[in-house]
Amino acid sequence: MDTRKLATFIDLAQTCNYSRTAENIFSTQATVSKYIMALEKDWGVTLFTRDHRTVTLTKAGAAILPSVKTLI
């Protein structure tokens, strides 16, 4: 598993903001989105609910988050 993707997941879960996460990991919003979509595809779950300008962690995302934090 790519630790950059996992770290991005953790940061986005904390900020709930693609722009801030992109700044925090010194990347772009497109890269953040690509990483999250890749994790969702790999794990077969939706990690975040995306509404107009709002990102929130899903129940599945919240359940996975502690394990990812332990790995990182």
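Which elements cover the buried residues of helix 1? The cover includes helix 2 (18-24), helix 3 (29-43), strand 1 (48-51), strand 2 (54-57) and helix 4 (59-71). The model is predicted: local features need pLDDT of at least 70, side-chain atom pairs count only at pLDDT 80 or more, and totals for chains, interfaces and linings use all residues. Residues are numbered from 1 along each chain as its sequence is written, and side-chain values use heavy atoms, with hydrogens and water left out.

The protein chain has four helices and two strands (DSSP runs: H or I, at least four residues; E, at least two). From the N terminus, their order is α-α-α-β-β-α. The C-alpha trace spans about 25 × 25 × 20 Å along its principal axes.

Helix 1 covers residues 3-15. D2 caps the N-terminal end, with a side-chain oxygen 3.0 Å from the backbone nitrogen of R4. Just after the helix, C16 takes a positive phi of about 55°.

Buried residues (under 20% relative accessible area, 1.4 Å probe, protein chains only) of helix 1 include F9 and L12. Contacts of F9 (heavy atoms within 4.5 Å) include I36, F48, L57 and I64.

Key. Expected span 1.5 Å × (residues − 1). Buried < 20%, exposed > 50% of the residue type's maximum accessible area, 1.4 Å probe, protein only. Polar contact = N/O pair within 3.5 Å; in protein donor to acceptor, adjacent residues only side chain to side chain. Lists of a residue's contacts leave out its neighbours within four places in sequence.
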